[in-house]
Amino acid sequence: DLGANLWFQESVKETLVKQTWSDGYKMLITYAYENFLTMEGLSWERPVYKQPQTYPFIPTEAELDQLISACGKKVGTFLQGLKDTGADPGELAALRWTDINMESRTVTLRPVKNHNPRVLTVSQQFLDRLARLPRVSERIFNLRILNGSFYMQRRRVANKFANPRLLKISFTTFRHWKGTMEYHRTKDILYVKKILGHKQIGNTLKYIDLEIAIFKTTDDQFTVKVATDIREACALVEAGFEYVTGEYNDGGKIFRKRK
């Protein structure tokens, strides 16, 4: 549509140069075009575009709750689930009614983007919201429909409360908020990695920098760990950790040890 000849690699390069897109977006376009060439048995010398390192927007919990409460029943339930679990939107959208355990207050997430599968504890508020939804199909949510509804409702809520920051909140914002807050609460990066389902710790380390930037506080007196079951709790006690506080929505219990 922009005038590039997909069968002439230099034409694609020239068209890319003319666009005002960010380098990160141009990089994604080159990868997509390279897959097209591979499919056709062709190749090219891919131009180098580097995606700049940026930190995601982290709203306050009050802003997330404000958006959740003001959105419609289906969208609000989905947002509450994102806040509770820190799941990728695709993971939560794949949730089936059979993945919900009301008694143990847990949900089973199927992985996307090479994440690990996991069972996470959710709030009673999320379960109550789910109970009010009609069971019209095996799956609870439809991500395509939710996307369209969310952007319209987000604009309405931002105008209602005169808070343009709400317009910066996307589905993935809830995941970034969860990772940042869990690291702030526990200072246990391996626990955050487990909650988010990351396979590589490198994907989780950014939440250390985010937590420091947001809270601008450090506490170097204690090492803090989280136990999610009795086996982990016993191991921490044997290692000299002391029990600090009770169970959170995610089922974790916090232990600490002086450095």
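Tutor: One definition to begin: two strands pair if DSSP finds at least two bridges between them. Keep in mind that this is a predicted model.
Student: Okay, so what order do the strands take in the open sheet?
Tutor: The open sheet has 3 strands in the order S1-S2-S3, and the pairing is antiparallel.
Student: And which ones are the edge strands?
Tutor: Those are S1 (100-101) and S3 (118-121), each of which pairs on one side only.
Student: How many bridges join S2 to S3?
Tutor: There are 4 bridges between S2, residues 106-109, and S3, and the two strands run antiparallel. For one of the partners, look at Val 107 in the model: its bridge partner in S3 is Leu 120.
Student: Then what are the angle and distance for H1 and H2?
Tutor: H1 (residues 9-18) and H2 (residues 23-39) pack at about 165 degrees, with axes 11 Å apart. Angles over 145 degrees count as roughly antiparallel, so H1 is roughly antiparallel to H2.
Student: Is that crossing left-handed or right-handed?
Tutor: H1 passes H2 in a right-handed crossing.
Student: Which residues make the contact?
Tutor: From H1 come Gln 9, Val 12, Leu 16 and Val 17, while H2 brings Lys 26, Ile 29, Thr 30, Tyr 33 and Leu 37. By class, this contact of H1 with H2 has 6 nonpolar, 2 polar and 1 charged residues.
Student: What about H4 and H6, how do their axes cross?
Tutor: The axes of H4 (residues 73-85) and H6 (residues 124-131) come within 9 Å and cross at roughly 150 degrees. That makes H4 roughly antiparallel to H6. The crossing of H4 and H6 is left-handed.
Student: And who meets whom there?
Tutor: On H4 you have Lys 73, Gly 76, Thr 77, Gln 80, Gly 81 and Asp 84, meeting Gln 125, Phe 126, Arg 129 and Leu 130 on H6. The contact of H4 with H6 divides into 2 nonpolar, 5 polar and 3 charged residues.
Student: Last topic: where does Thr 204 lie?
Tutor: Thr 204 is in the loop between H9 (189-196) and H10 (206-215).
Student: Buried or exposed, and why?
Tutor: Thr 204 counts as buried because its relative accessibility is 0%, and the cut-off for buried is under 20%.
Student: So what does Thr 204 touch?
Tutor: Leaving aside residues up to four places away in sequence, Thr 204 touches Ile 189, Val 192, Lys 193 and His 198.

Note on methods. Residues numbered from 1 in each chain as written. Predicted model: local features only at pLDDT ≥ 70, side-chain atom pairs only at ≥ 80, totals over all residues. Heavy atoms only, no water. Buried < 20%, exposed > 50% of the residue type's maximum accessible area, 1.4 Å probe, protein only. Contact = heavy atoms within 4.5 Å. Axes fitted to C-alpha atoms, helices over the stretch in contact; angles between N-to-C directions. Parallel < 35°, antiparallel > 145°, perpendicular 65-115°, else oblique. Left-handed = near helix turned anticlockwise from the far one by under 90°. Nonpolar A, V, L, I, M, F, W, Y, C, P; charged D, E, K, R; others polar.
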